[in-house]
Amino acid sequence: MTGVVRIQLKGRRAAVLVLANLAVAACYYLGGRLGLLKALVVEGSVVSPVWPPTGIALAALLLLGPGVWPGIALGALLVVHHLSPSLEPGALAILVGNTLAPFCAYVMLRIVGFRTELDRLRDGFALVFLGALLGMLVSATAGAGQLLLGGSISGGEFWPVWAAWWTGDALGVLVVAPVLLILWRARPPLSLDRWPEALVLAVCAGVVAPFVAYSTLSLLFLVYPLLIWAALRFQLPGATLCALYVSVVTAVSAADGDGPFRDHTRLGVMINLQAFNGAIALTALLLAALVTEQLKTRRHVEEAVAELADVVERLAPGEGPGRRSHGG
């Protein structure tokens, strides 16, 4: 009987794992299609200013475990097939790189004790420098290297394509992964007294972000007060959602060659867009993580003070053990 139960449990786990892999593959593919909607051409190669599949893949590994890597590989295969239906041999390098990059980032984050709650400043730094900047070197090198070896780009075009590929993948981690990690552990809705402020922030972001993204004046810096406001008042949920929205709006503006990105070369547009999106992602993530850590520390201190006050009250004269009466 015990053996039958074990077989049934293993069967259920296998079925759940298969479903999880299929879900990850579908999300990866949909994220890739979204990323290609406003792709840019750098040195004759198509690159996305923000590549959502990298953030989806890393979040899936952190939340569901390493067993979902086949789903990531399947999603990457579907995206590659969409770009090149013939599936040339060189596409294998891109497929391997897109699968290994988030897996390597996952391994490095686990080694340093990364917590998906993102409630410590060290977790924010780990996600930025290990998960995004270092981990995505794998996919950029594999992708740009395959284009170079296949003759699609020359040696002089390698580094611009590599840099655009790397920053697009890194921004996918910085912008998309935190949102997914936060939504996975979504808390109950805000209290009624916080909703008016949240609505005001949403309206301000909805007005300011498109305005600065499509204005011919250099006003992109106006989004930073919004990010600071979101981080200070609504911590990670507010800051990450605000950063995601601003990144999407500016990416669309850059792809259209409008606003502050007008009259720039495609490479210049990519450099300016990546620098801006990277700066807002870093600002939102690290500031929100810092605020969350400080609030958590304050909560622990208040709990410790309350416990200490309770102990002192119990040990007050006449109530503590071992105390003697002064009478007789």
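Predicted model: local features only at pLDDT ≥ 70, side-chain atom pairs only at ≥ 80, totals over all residues.
Glutamate 302 has a partner, as its side chain meets that of arginine 298 in a salt bridge, 3.2 Å from N to O. Arginine 298 counts as exposed, at 55% relative accessibility.

How many salt bridges does a search of the whole structure find? The answer is 7. Let me show you a few more of them.

Aspartate 258 and arginine 262 meet through their side chains at 2.6 Å, N to O. Here aspartate 258 is partly exposed at 22% relative accessible area, and arginine 262 is partly exposed too, at 38%. Now compare aspartate 123 and arginine 120: their closest N and O atoms are 2.8 Å apart, and both residues are buried.

Let's zoom out to the domains. The domain assignment gives domain 1 as residues 11-186 and domain 2 as residues 189-312, with C-alpha centres 23 Å apart. Across the boundary, 29 residues of domain 1 are in contact with 28 of domain 2. Together the domains bury about 2400 Å² between them, and 80% of that is on carbon and sulfur atoms. Which three residues supply more of the area that domain 1 buries against domain 2 than any other three? They are Lys38, Leu40 and Leu121, with 24%.

On the polar side, the count between the domains is 3 residue pairs in polar contact and 1 salt bridge. Lysine 296 and aspartate 119 form a salt bridge, with their closest N and O atoms 2.9 Å apart. Both residues also belong to a salt-bridge network with Arg115.

As for the side of domain 1 that touches domain 2, β1 (40-42), α5 (121-134) and α7 (155-184) each supply at least two residues. The largest share, 10 residues, comes from α7. By class, that side has 19 nonpolar, 4 polar and 6 charged residues.

One last stop, back in helix α10, which spans residues 266-314 and includes asparagine 277. Is asparagine 277 buried or exposed? Its relative accessibility is 0%, so asparagine 277 counts as buried. Its side chain makes a polar contact of 3.1 Å with the side chain of threonine 250. Leaving aside residues up to four places away in sequence, asparagine 277 touches Val50, Leu171, Ser247 and Thr250.

Methods:
Residues numbered from 1 in each chain as written. Heavy atoms only, no water. Domains from an automatic or database assignment. Contact = heavy atoms within 4.5 Å. Buried area = accessible area lost by both parts, 1.4 Å probe. Salt bridge = Lys/Arg side-chain N within 4 Å of Asp/Glu carboxyl O. Polar contact = N/O pair within 3.5 Å; in protein donor to acceptor, adjacent residues only side chain to side chain. Helix = DSSP H or I, 4+ residues; strand = E, 2+ residues; numbered from the N terminus. Nonpolar A, V, L, I, M, F, W, Y, C, P; charged D, E, K, R; others polar. Buried < 20%, exposed > 50% of the residue type's maximum accessible area, 1.4 Å probe, protein only.
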